[in-house]
Amino acid sequence: METSIDLKVMDGIIDRYETKSSAVIAILQAIQEKWRYIPREAFPKLASRLGLSEAQIYSVATFYDNFSLEPKGKYVIKICDGTACHVRKSIPILERLRGELGLSRIKVTTDDLLFTVETVSCLGACGLAPVLTVNEKAHPAMTPDKASILLAKLREEEHNVA
Amino acid sequence: MEVKNRGMAIIDGMPVEIEGERNLLELIRKVGIELPTFCYLSELSIHGACRMCMVEDKRGNLAAACSEQPRNGMEIRTNTARLRKYRKNILELLLGNHCRDCTACGFSGKCKLQDLAMRFNIAGVRFPNAMSEPSVDASSPCIVKDKSKCILCGDCVRMCEEIQTVGAIAFSRRGSRMTIGTAFDIPLAHSNCVGCGQCAAVCPTGSILPRDDTGDVWRDLADTDNMMTVQIAPAVRVALGREFGLPEGENAIGKIVAALRRLGFAEVYDTSTGADLTILEESKELLERLADGKRHAMPLFTSCCPAWVRFCELRYPELMSEISTSFSPMHMLASVIKEQYRDVFRQVRHVAIMPCTAKKFERSRHEFSRDGRQLVDHIVTTRELVRMIKEAGIVFSELESEAVDAPFGAMSGAGVIFGVSGGVTEAVLRRVSTDKSPTALRRIALTGVRGMAGVKHSSITVDDREVRIAVVSGLGNAAMLIERIKAGEERYDFVEVMACPGGCVSGAGQPYAPQAQREMRGRGLYSADKLCNIRRAEDNPLMLSLYRGLLKGRTHELLHAHYKSSVQRTSITIRIRRGKPVSG
């Protein structure tokens with residue numbers, strides 16, 4: 001994961017795919033994987049290589065909630081708010097995390113770009129409800145307190161690295 | 001081979017023969033039922049978004065007529081109680097999301113939403129208005145876009161993508177948050193919009209409108225220190241009359257001149273005179289290219305259409321050197337007028353009446369300024385002139401026709417046909433052809449340059465050399481042709497490009513007209529040409545006096561532009577549709 005945008009790296013990513021317009025979603029996903037969001041610099045690059053206009057790519061990128069045009073935190077916490085998780089009290093977990101990180105429904109990423117908190121409709125792990133994921137790792141049967149402990153642990157990890 | 005869809009269908013109890021109609025909507029309209037639509041335009045792909053054209057089959061199943069194939073034995077009802085209720089619901093929902101400041105809207109009286117709301121007797125809207133405040137992008141000199149009046153029919157998006165292959169605007173976001181706009185909602189002026197305004201031409205509401213500059217013109221007209229001069233483009237004369245009850249395509253130049261004098265213009269000229277200068281200068285460029293002995297990989301492209309020049313600048317900057325340096329007719333005439341009156345103490349102001357929104361951008365280009373002033377002070381589109389005439393209370397139909405002014409009042413028929421696709425080419429052919437007999441004119445007209453087809457080919461022999469010519473209208477067709485030339489599949493010496501399908505008669509500054517009416521405008525220009533006693537630009541006596549006088553030794557300085565690209569963007573490209581050209 002990098003924060004600066006190297007257009008050569010972006011070319012390298014696009015090279016892995018067929019440069020045709022139908023590959024746009026796959027390429028956007030790959031770009032998002034690299035930078036955790038779709039940097040604005042990607043648009044002119046993709047437009048010229050795929051033969052689409054920037055507005056058309058923007059159209060695709062804004063259609064899917066999965067794509068983010070804003071930089072995301074190093075740890076992306078997704079709290080499942082599907083029916084099963086919701087009835088097993090996912091909202092208090094969400095509120096606890098937002099409270100501790102100073103986030104809201106509109107402001108989803110901390111200023112230090114460490115944490116992003118968002119909800120998803122269903123992670124497909126209803127048996128583990130209420131569930132959340134940190135990046136791709138699932139944490140089952142959460143409670144607000146367990147979420148606080150998890151957050152503290154992530155912060156400690158980060159502290160040790162730095 | 002394509003098998004034509006045939007059979008019989010019953011529509012509202014009437015048996016109808018299916019004759020290869022592409023969809024049920026066409027079949028229904030054939031029997032004289034004006035099924036309402038917002039998002040259906042025959043020249044664009046089918047979108048099926050507005051659901052106004054919903055019909056019922058005999059089992060009570062619903063289908064959108066625009067997206068349904070006509071089939072043998074179909075029984076369709078178009079006007080049941082349920083359908084009427086649904087249509088009213090759709091209209092109410094649209095109106096609930098629409099800034100309804102109709103009296104202050106530039107499209108009032110022409111708006112399809114307003115029209116259908118009246119047709120369906122919408123007496124009230126049960127939903128709270130979620131879009132009561134205008135949300136305007138007025139950054140472009142050509143068009144004004146107001147999201148609060150958008151009904152998301154997508155006509156503009158498909159026009160921009162499919163016909164023009166510009167793709168400046170697209171849908172963004174989803175569901176209730178969906179809007180139409182540029183990438184990252186940047187102002188249109190900073191996008192790859194070329195200003196052709198065809199989005200405005202197809203917009204059923206006032207969401208995209210040609211910019212209105214009439215306020216500035218009224219102000220200048222009222223200032224007694226100004227000497228107001230004006231020119232009228234060819235395509236205007238065959239489109240304006242209908243707004244005042246004249247038949248479509250009727251040449252109203254005489255009445256327009258009279259109206260402009262009544263509005264307070266001191267001198268009235270015809271852009272066709274400027275076109276004659278364009279013909280002479282552009283033909284000279286073509287003949288020089290043919291004679292220079294080099295093998296040019298690229299043809300000489302015309303420069304009259306500002307949306308095309310902008311398109312080329314953004315998409316094919318490497319081809320800018322292949323575009324004719326001759327001014328467009330508008331700037332030819334403006335340049336001559338401003339030069340003539342250089343020393344007059346009164347401030348000469350020049351207004352151009354144009355069928356075009358992109359001219360508003362061309363006017364502001366730095367290539368067209370002299371001594372720190374733009375050559376043309378204001379552009380007034382045909383639609384704006386209609387409004388000005390109405391505002392002034394002039395009864396257009398009762399005006400006596402008047403002639404344009406001297407000293408720049410002489411023009412040739414060749415200059416008049418600039419307003420229709422193929423006209424520039426035909427005019428240049430008349431000039432470069434070595435055969436000056438009267439029958440040659442007819443032969444040139446029949447070389448394939450006329451008609452509304454999106455791509456036309458022609459050739460003529462000059463000094464035993466075949467000159468290959470292409471005429472394209474619609475920027476998608478232009479891009480397709482350029483790709484073919486680049487790939488070495490085609491070779492041309494001269495290519496005329498008009499951004500609007502069918503040429504300036506279909507310009508976005510014109511009152512909206514379906515294709516059949518636009519064709520009548522084209523025919524109107526060809527008959528205006530026939531009525532001219534001078535048919536070739538070089539036979540225009542004014543040209544001789546200009547070249548001997550004012551222009552002597554100064555043609556390069558006064559009549560040619562060297563486009564310095566003002567493009568900051570790195571790249572703009574879009575998929576080029578291969579295959580069948582799009583007809584206008």
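Keep in mind that the model is predicted.

**Stop 1: the domains of chain A**

Select residues 7-63 of chain A and colour them as domain 1. Then select 75-161, which the assignment gives as domain 2. Taken over C-alpha atoms, the centres of these two domains of chain A are 29 Å apart.

**Stop 2: the second largest pocket**

Now look for the second largest pocket. Where does it lie? Domain 1 and domain 2 of chain A both give residues to its lining, so the pocket lies between them. The space inside is about 930 Å³.

Select Asp65(A), Phe67(A), Ser68(A), Val108(A) and Glu118(A). Of the 26 lining residues, these lie nearest the centre of the pocket.

Next, show helix 4 (54-63) and strand 2 (115-120) of chain A. Each supplies at least two residues of the lining. Which element gives the largest share? Strand 2 of chain A does, with 4 residues.

Colour the lining by class. You will find 11 nonpolar, 5 polar and 10 charged residues.

**Stop 3: where chain A meets chain B**

Bring chain B into view. Here 18 residues of chain A are in contact with 23 residues of chain B. The area buried between the two chains is about 1700 Å², and carbon and sulfur atoms give 53% of that area.

How many salt bridges are there between chain A and chain B? The count is 1. Select Arg174(B) and Asp65(A) to see their side chains meet in a salt bridge, at 3.6 Å from N to O. Asp65(A) was also on the list at Stop 2, among the residues nearest the pocket centre.

Key: Residues numbered from 1 in each chain as written. Chains lettered and ligands numbered in written order. Predicted model: local features only at pLDDT ≥ 70, side-chain atom pairs only at ≥ 80, totals over all residues. Heavy atoms only, no water. 1 Å grid on protein atoms, 1.4 Å probe; cavity = no way out; pocket = protein on both sides within 12 Å on 5 of 7 lines; lining within 4 Å. Points joined across faces, edges and corners; volume = space filled by probe spheres on them. Nonpolar A, V, L, I, M, F, W, Y, C, P; charged D, E, K, R; others polar. Domains from an automatic or database assignment. Contact = heavy atoms within 4.5 Å. Buried area = accessible area lost by both parts, 1.4 Å probe. Salt bridge = Lys/Arg side-chain N within 4 Å of Asp/Glu carboxyl O.
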